[in-house]
Amino acid sequence: MKLNLLFWLCQTLPEALAVTSLAVVLCKKRLEVKPILLIGVFFAVIVYLVRLMPLDFGVHFIILMIILALLLTIQLKINFSRCLLITLVIGIILAVSETVFIYLFLLLTDTNMDQIALGETIHILIAWPHIIFLFLIALAVNQWRKVHPVREGENYD
């Protein structure tokens with residue numbers, strides 16, 4: 001799909017913010033607007049630029065996971081290997097949730113993938129269930145951390 005401003009604003013940016021939110025809470029940090037916006041918006045711009053590159057399938061994903069881990073490391077000041085592991089877990093969650101929600105949409109609407117690929121609006125709308133799902137996971141983990149304090153020796157800044 002051709003990348004444009006509407007697609008970036010309506011899908012790429014919200015997805016980057018959802019992924020960032022989940023990454024922040026999995027890094028044992030609180031959900032706070034400032035770091036999520038800093039990392040998320042910057043990550044969304046990088047996602048756009050990387051997707052413009054003529055790379056083989058899957059290479060974009062690897063590059064973006066490494067970049068997200070670097071952004072988390074820099075902004076949250078935590079270990080890169082831990083951030084990389086967290087981004088890989090998030091990548092799996094993202095891929096599985098996106099696949100499940102697309103499959104459900106296709107099943108419920110009797111639509112096919114060709115119709116989705118051709119229509120920008122439908123493509124954007126199909127993305128929102130998994131974006132909301134990622135935000136809900138982030139909120140649930142954040143709430144869990146509030147209710148269940150971290151063990152001694154661990155940080156929850």
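The model is a predicted one, so I read every value here as computed.

I looked up the geometry of this pair next. The axes of H1 (residues 5-26) and H4 (residues 80-109) come within 10 Å, with a crossing angle of roughly 130 degrees. I therefore note H1 as oblique to H4, since angles over 145 degrees would be needed for roughly antiparallel.

I then listed the residues in contact. On the H1 side they are Glu-15, Val-19, Leu-22, Ala-23 and Leu-26. H4 contributes Arg-82, Ile-86, Ile-90, Ile-93, Leu-94 and Glu-98. Sorted by class, I have eight nonpolar and three charged residues, and no polar ones, in the contact of H1 with H4.

I turned to H3 and H4. The axes of H3 (residues 59-76) and H4 come within 8 Å and cross at roughly 135 degrees.

What does H3 bring to the contact with H4? I find Phe-61, Met-65, Ile-66, Leu-68, Ala-69, Leu-70, Leu-72 and Thr-73 on H3. On H4 I find Phe-80, Cys-83, Leu-84, Thr-87, Leu-88 and Gly-91. By class, the contact of H3 with H4 has 11 nonpolar residues, three polar and no charged.

Technical notes. Residues numbered from 1 in each chain as written. Predicted model: local features only at pLDDT ≥ 70, side-chain atom pairs only at ≥ 80, totals over all residues. Heavy atoms only, no water. Axes fitted to C-alpha atoms, helices over the stretch in contact; angles between N-to-C directions. Helix = DSSP H or I, 4+ residues; strand = E, 2+ residues; numbered from the N terminus. Parallel < 35°, antiparallel > 145°, perpendicular 65-115°, else oblique. Contact = heavy atoms within 4.5 Å. Nonpolar A, V, L, I, M, F, W, Y, C, P; charged D, E, K, R; others polar.
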